[in-house]
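Hi,

Here is the structure I promised to pass on to you.

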Amino acid sequence: MSETILLAAILIPCLIVAIVFHEVAHGWTALMLGDPTAKERRRLSLNPIRHVDPVGTLAVPGFLALVGGPIFGWAKPVPVIKERLDSPRFGMMLVAAAGPITNFVLATVGAVALGLALPEGAAMIASETGMTLIADTAGEIVPFASGMFYFILINIFLAVFNLLPIPPFDGSHIVEGAMPRRWVHHYEKLRPFGMILFLGLVALTWFAPGLGVLENTIGPPVMWVLENYLALADRVAGG
């Protein structure tokens with residue numbers, strides 16, 4: 001199996017699971033807080049077909065992985081109607097937080113699985129494609145352990161990225177609910193420009209990698225959290 005195929009085989013399933021659970025968590029939390037919209041539209045399913053966006057979940061991350069770009073993607077957003085929540089203000093904060101929290105939980109599961117899958121003397125190696133893989137003492141790649149490493153990383157990245165206070169990311173709903181009411185209408189004026197700002201960040205990351213946009217913003221918290229999850233995996237492995 002070539003490294004390109006191995007890369008796709010590892011990253012795409014990890015990304016799909018991370019995104020689908022993230023979106024379903026929003027819908028289930030909304031349902032528990034009074035908004036059945038996601039249930040009515042049959043979006044409370046873990047069937048990826050109901051959530052996968054052919055472009056955002058498959059084409060974009062697959063292309064970025066193959067060309068060595070930053071891996072990110074999106075799914076069809078689970079519908080939530082704020083006004084149907086029992087407490088629109090605080091309910092929306094909890095609905096927004098549910099997605100990132102779920103990704104952190106998945107990363108914890110991945111860390112435990114990684115610890116159980118680590119062979120004695122395992123080491124991380126850099127492949128020709130630049131991806132990090134886990135090999136045994138004989139230098140043979142351990143696909144499952146390598147997959148769990150990326151499953152952890154993708155879930156952490158998705159959680160931290162979504163906590164950015166940029167509309168329409170989850171962090172914007174949390175910030176909006178926490179800020180004084182007199183400021184909300186000013187903050188809401190930023191919503192139409194949120195995606196423009198997001199695309200601008202992506203463009204800078206892609207066309208001006210020397211600026212280190214991701215490395216200097218969400219890079220430090222992602223790496224700090226990753227180190228802690230890898231420490232957990234090491235403890236599970238008995239290291």
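**What I found**

Let's start with a pocket: the lining of the second largest pocket is made up of eight nonpolar residues, no polar ones and one charged one. Here Ala, Val, Leu, Ile, Met, Phe, Trp, Tyr, Cys and Pro count as nonpolar, Asp, Glu, Lys and Arg as charged, and the others, Gly among them, as polar. A pocket is an open set of points on a 1 Å grid over the protein atoms alone, where a 1.4 Å probe fits, with protein on both sides within 12 Å along at least five of seven lines; lining residues have an atom within 4 Å of a point.

Before going on, please remember that this is a predicted model: local features need pLDDT of at least 70, side-chain atom pairs count only at pLDDT 80 or more, and totals for chains, interfaces and linings use all residues. Residues are numbered from 1 along each chain as its sequence is written, and side-chain values use heavy atoms, with hydrogens and water left out.

Which residues line that second largest pocket? They are Leu114, Leu118, Ala122, Ala123, Met124, Ile134, Leu230, Ala233 and Asp234. Both β1 (123-126) and α10 (219-236) supply at least two of the lining residues, and α10 gives the largest share, with three.

Stepping back, the chain has 10 helices and two strands (DSSP runs numbered from the N terminus: helices are H or I, at least four residues, and strands are E, at least two). Read from the N terminus, the order is α-α-α-α-β-β-α-α-α-α-α-α. The chain has 239 residues, and 44% of them count as buried (under 20% relative accessible area, with exposed over 50% and partly exposed in between, using a 1.4 Å probe and protein chains only).

How far can you trust it? The mean pLDDT of the chain is 83, and 85% of its residues reach 70 or more; pLDDT is the predictor's confidence in each residue, from 0 to 100. Confidence is highest in helix α4 (residues 88-117), with a mean of 95, and lowest in helix α3 (residues 54-67), with a mean of 67. Where pLDDT is low, the predicted coordinates should not be read in detail.

Now for the rings. There are three aromatic pairs in the structure (ring centres of Phe, Tyr or Trp, its six-membered ring, within 6.5 Å; planes under 30 degrees apart are stacked, over 60 edge-to-face, the rest tilted). Phe149 and Tyr150 are edge-to-face, because their planes stand at 90°, with the ring centres 5.2 Å apart. Both Phe149 and Tyr150 are buried. Phe157 and Phe161 have planes at 20° and centres 5.5 Å apart, so they are stacked. Both sit in helix α5 (residues 143-162), four residues apart, or about one turn of the helix. Phe157, Phe161 and Phe169 make up one aromatic cluster.

What is in the loop between α5 and α6 (170-178)? One of its residues is Ile166, which is buried at a relative accessible area of 11%. Leaving out residues up to four places away in sequence, Ile166 touches Ser172, Gly194, Leu197 and Leu201 (heavy atoms within 4.5 Å). Ile166 and Gly194 are 28 residues apart in sequence, yet their C-alpha atoms are 5.7 Å apart. Pro168 lies in that loop too, and the peptide bond from Pro167 to Pro168 is cis, with omega near 5°.

Lastly, Arg42, in the loop between α2 (37-40) and α3, is not a glycine but has a positive phi of about 60°. Arg42 is exposed, with a relative accessible area of 54%.

Cheers
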